[in-house]
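Please have a look at it before I go on.

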Amino acid sequence: MSIASERKRRTTATGQPKPQAAVGPSPAAPWQPSAIANYGMIGDTRTAALVSSAGSIDWMCAPAFDGEPIFGALLGGWEAGQFVAGPAGPAHLLKRRYRGHTATLETTWSSGGGVLTLTEAMVAEVSGALLPTTLLVRRLTAHESPVAAVVRFAPRLGETHRVPRISRRARDLVCEWGPLAVSLGSSEGCPLPEGDEQELVVHPGHPVTLVLAVAYGEPLIHVDPEAAWQLLLDDERKWESWAEEVDAGLPFREQVLRSLLTLRLLTYSPSGAPVAAPTTSLPENPGGIRNWDYRFAWPRDASIGVAAFLHAGKTDVALNFFGWLLHASRLQRPRLPALLTLSGRAVPRERELRGWPGYLGSTPARTGNGAAGQHQLDGYGWVLDAAWVLVQGGHRLYSETWRAMRGFADLVAESWPAPDAGIWEIRDDAAHHVHSKLMAWLALDRALRIGATHRLATRQRRRWESSRDRLGAEIRGRGFDPVRGIYTRTYGSADLDAALLVLPLVGLEEPRGEAVRRTVDAIRDQLGAGGPLLYRYPPGQDGLEGGEGAFLPCSFWLVQALALTGRREEAEETFRALLDLASPLGLFSEELDPATGAFLGNYPQALTHAAMVQAALALRQAGVPPSEALENPPGNPAAASGISCLRPALSICSEQSGHGNPGQENTPHVS
């Protein structure tokens, strides 16, 4: 019997999907999203989708990361759109993994006496061929015996869950909203009317392939399902080749390569801009107001990831970033915006999405980000350090790049005495954050180092040297508590800041000196949240209602600090404990609830993955051999790989005590 002959539509009189045990919403009970850690990410370096362990795509924006959601159930309930493909009846999850060193996600269930596997990915490489900008391929395969499956395709656009205009073209179902169009094709012809559930029986040896194409302001291109599957396999080979180019000499190679692959997927290939996360408004405090839009590029966070890519031998990613940064900052230089859109424009004003219930009732759900207008002094240090790492790698800066870096250094030399919002973007009065001052010192120091091999006027050099020296003296005088022998969060404060874990990296103090070791120990003691976890600052002291979880990047910075202060065994133990906290697929969010282990905040979080790579680099520098790895690594045991450790990703202690095709307008100004 053919698969098509066994299809059944599953809808109620209202058009709502019928209840079922495995996947799909139920009108009898409010639909609930999965735990954040149960989502996997698939992407193509232009957008990404979050897929639950039940096979439901509950978040995907189009045509880019920062576009409007077409599947928004994660925050808006099932009315905001879903794309389900999975078992039709009660099912048990057998395993979930990324296939090898690729971006292909594989989920396997037992159901009804058989085994069903969903294999899915987006095709990243679409240049040089007549293909849609986004091509999502999902294949259901039965093993052992036939398995009943269900498909539900219900795209809804944006804040008001706009229903598309529906048409059929050849074998595809086409959904349109003005210039945006998506189509769904199937190896069995068009599988269902839009919005309905469709049951089908998948037979061993006869997989069902679903193909979703996205177009914006351009023709919507049909791709035959079998051809789409071959494109997915070709893309897998390209990811494997990408991974093979990464040096193999890093501890915990498998886990680190998964982080590098995640960072690459979060790099917007049309411009080279790294997106902080593909989501908005996943809560830092469930049920509370700490819900922010992270679908933008923070030069600070991006610089941290860029340095990791440089040490992994992926120079092209770094060059593309500097090309984007020069393009994006050109209208505001020498000011460095705290964040920008992926195309390099001003971030939209922050506003609330009306009527959206939020993730597990966490409201408001937001779009835009109010931190865009803040003065954040530390960002200059991260960017100039990334430029210094590039120079250390043998790349001479082009004149425009060096001109921009000089402008940043000039601004820091002039503005460092003023207070700022700090790395944590406190929505309160500006303050003299010690971490910001440290990074300003770093900006001037790195500019001077680059200036040793690039053209620099004597007067400018002297001004930078004078400012650096005066700033260093002020940090030691006003940012240091002589009674406790530690550096503090702000001038004159008794509080601590986990961002100060960069102290061993900066070079202002001797990495193994008493002040550094005391500060690291005090942060572990006073900001500890249990095990390897840390709060970023004393909870409740940021001017916002409610609390938040432990901040995962800080824990990886702790690993760096321990490794660079001579405590290798403690560093390695902490790193292992953190890897145990990864999602089943080896992904990390921004925060974690110390009491429950639940992921909090936007996901997956680029900053956490970049900090994880930095920590592994520091472990190698401390002498942890490449063979050190978890016997049963979290997430996909068959996926993840390596990178070479030259020095910590900040590369700050070296001389002191211390895939996508960007457009021509974004060609990096670095040789």
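What volume does the largest pocket have? Keeping in mind that this is a predicted model, the answer is about 390 Å³ for the largest pocket. Its lining is made up of 20 residues, and those that lie nearest the centre of the pocket are Asp-66, Gly-67, Glu-68, Arg-295 and Thr-367. If we sort the lining of this largest pocket by class, we find eight nonpolar residues, together with six polar and six charged ones.

Let me go on to the second largest pocket, which has a volume of about 180 Å³. The residues that line this second pocket include Arg-46, Pro-63, Ala-64, Thr-133 and Thr-134, and also Tyr-268 and Pro-270. Which strand gives the most to this lining? That is strand S16, covering residues 208-216, which contributes three residues to the lining of the second largest pocket. By class, the second pocket is lined by seven nonpolar, two polar and two charged residues.

Pro-63 is joined to Ala-62 by a cis peptide bond, with omega at about 5°, and Pro-63 sits in the loop between strand S4 (56-62) and strand S5 (68-71). Another cis peptide bond runs from Arg-333 to Pro-334, where omega is near 10°, and Pro-334 belongs to the loop between helix H5 and strand S19 (351-352).

Helix H5 brings me to the helix pair. In general, two packed helices are described by the angle between their axes and by the distance between those axes. For helix H5 (residues 315-329) and helix H7 (residues 399-415), the axes come within 11 Å and cross at roughly 60°, and the two helices are therefore oblique to each other. The crossing of H5 and H7 is left-handed. On the H5 side, Phe-322, Leu-326 and Ser-329 take part in the contact, and they meet Glu-400, Thr-401, Ala-404, Met-405 and Phe-408 of H7. The residues of this contact between H5 and H7 divide into five nonpolar, two polar and one charged.

Where is Phe-252 found? Phe-252 lies in the loop between helix H2 (225-244) and helix H3 (253-265).

Conventions. Residues numbered from 1 in each chain as written. Predicted model: local features only at pLDDT ≥ 70, side-chain atom pairs only at ≥ 80, totals over all residues. Heavy atoms only, no water. 1 Å grid on protein atoms, 1.4 Å probe; cavity = no way out; pocket = protein on both sides within 12 Å on 5 of 7 lines; lining within 4 Å. Points joined across faces, edges and corners; volume = space filled by probe spheres on them. Nonpolar A, V, L, I, M, F, W, Y, C, P; charged D, E, K, R; others polar. Helix = DSSP H or I, 4+ residues; strand = E, 2+ residues; numbered from the N terminus. Axes fitted to C-alpha atoms, helices over the stretch in contact; angles between N-to-C directions. Parallel < 35°, antiparallel > 145°, perpendicular 65-115°, else oblique. Left-handed = near helix turned anticlockwise from the far one by under 90°. Contact = heavy atoms within 4.5 Å.
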